Amino acid sequence: MRPTPADHRPLRLLAILCAALLLGGCDRAADEPTWQETLLVFGTLVDITVHGGDEATFRRAVREVEDDLGYLHEALHAWQPGSLGRTNLLLATGGTFTAPPSVLPLVEQSRQLAEQSDHLFNPAIGQLIALWGFHGETPSTPPDEAAIAALLEQTPRMDQIVIDGIRLRATNPAVQLDLGAIAKGYAVDRALELLHDHGLVHAIVNAGGDLRASGQRGDRPWRIGIRDPRGEGMLAVVETRGNEALFTSGDYERYFEHDGVRYHHILDPRSGRPARGLTSVTVLHDDGTVADAASTALFVAGPEAWPAIAAQLGVDHVMVIDEAGAIQLTPAMAERVRFEQRQQPRIVPLP
Ligand code: AMP
Ligand code: MG
């Protein structure tokens, strides 16, 4: 079950414990301390790990991250009242309105990323996501065909939002925003920037396995595990360089099974149904917002089309796993990933 904003009682598991996916122990590296704190915010556990700096600065920065991510979560929530909820009400009227400042930058960036992904990343399909029941408790049955077909016919897309400065208007009343595929990337970017503003430049912000890292841990790079989509453990390890985000979209994150079929939360806007063909897509990129949207877009693109869409989105470090468990990697990603077991991935150059 996803926590709602009302459950935002901070969960302060202090220092000591290592993040689930942050590998390499909690010892003191190069004589500087490593600080860690876990927050329950943005609907998930967010681990913040910093190497160097003093404890007071770290704790102050973490409190600010907690405030900011709590605010953003409420503002960008797709189905709780908040700025995005108000935006959706106003989009449905067809009238022009002033966009809430918390929503506007993401609408602008989402419009561009939707365009670059041939609208496979399409946060305008909020109604379809709601129809499938992925707003709220995980559902147990698929919606009926006629209801899916009726929504598909309305073809909501991001280019039906007219942006004029800070004013917005939808030319299609069926446009309803769900920023679930991009908001976490945006939030993680903002959190890492905030740590940097406090001088904490060797840091990781890890939101349930999706993360952004900068600097390193003493004389060693940060080592990140990539989860095996059909197993318990790690499939591979990546060492980050400089300032990088690692985001994964998977069919194991939110799903239900009905009559032996898995229905997951990443919907193909062309079919109105869960995207088929892949089980997991991981993107390494210098911007978390782009990495988040791209991992969702490439998941929808599927086993054949993902390289072309990756090239359009300007992401060149990609790993995808298909339903048979076969792994495909871009040449750039192949140089960065170390597999835990013997794997024979296929290297796929981008067009
Ligand atoms: P992610 O885990 O980043 O791939 O995001 C998945 C979430 O994005 C879902 O839970 C939905 O809220 C939303 N979503 C599902 N399908 C799409 C899509 N094709 N384009 C944009 N957002 C989507
Ligand atoms: Mg995403």
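How far apart in helix H7 are aspartate 292 and threonine 296? Select both in this predicted model: they sit 4 residues apart in helix H7 (residues 288-313), which means about one helical turn separates them.

**Stop one: the magnesium ion.** The magnesium ion (ligand 2) is coordinated by Ala181 (O), Thr296 (OG1) and Asp292, which gives both O and OD, at 2.0 to 2.5 Å. Along the sequence, these donor residues follow the spacing A-x110-D-x3-T. Colour by accessibility and you will find aspartate 292 buried at 6%, and threonine 296 also counts as buried, at 12%.

**Stop two: helix H6 and strand S9.** Next, pick lysine 184 and aspartate 210, a salt bridge whose closest N and O atoms are 3.0 Å apart. Aspartate 210 belongs to strand S9 (residues 210-214) and lysine 184 to helix H6, so this pair ties together parts 26 residues apart in sequence. Aspartate 210 is buried, with a relative accessible area of 5%.

Move on to arginine 59 and glutamate 55, whose salt bridge brings N and O atoms to 2.9 Å. Arginine 59 is buried at 17%, while glutamate 55 is partly exposed at 36%. Select Glu37, Arg63 and Glu66 as well, and you have a network of salt bridges that links them with Glu55 and Arg59.

**Last stop: a charged surface.** Finally, show Glu64, Asp67, Asp68 and Asp197, which form a negative surface patch. Helix H1 (residues 55-76) supplies the largest share, 3 residues. Aspartate 197 lies in helix H6 (residues 183-197) and is exposed, at 68% relative accessible area.

Notes:
Residues are numbered from 1 along each chain as its sequence is written. Chains are lettered from A and ligands numbered from 1 in the order in which they are written. This is a predicted model: local features need pLDDT of at least 70, side-chain atom pairs count only at pLDDT 80 or more; totals for chains, interfaces and linings use all residues. Side-chain values use heavy atoms; hydrogens and water are left out. Patches are made of residues with over 30% relative accessible area and no salt bridge: like charges are joined within 9 Å, nonpolar side chains (Val, Leu, Ile, Met, Phe, Trp, Tyr) within 5 Å. Accessible areas come from the Shrake-Rupley method with a 1.4 Å probe; for residues, only the protein chains shown count as cover. A salt bridge is a side-chain nitrogen of Lys or Arg within 4 Å of a carboxyl oxygen of Asp or Glu. Lys and Arg count as positive and Asp and Glu as negative; His and the chain ends are not counted. The place of a charge is taken as NZ of Lys, CZ of Arg, CG of Asp or CD of Glu. Helices (H or I, at least four residues) and strands (E, at least two) are DSSP runs, numbered from the N terminus. Buried means under 20% relative accessible area, exposed over 50%, partly exposed in between (1.4 Å probe, protein chains only). Donors are N, O and S atoms within 2.8 Å of the metal (3.2 Å for Na, K and Ca); water is not among the atoms, so sites may look incomplete.
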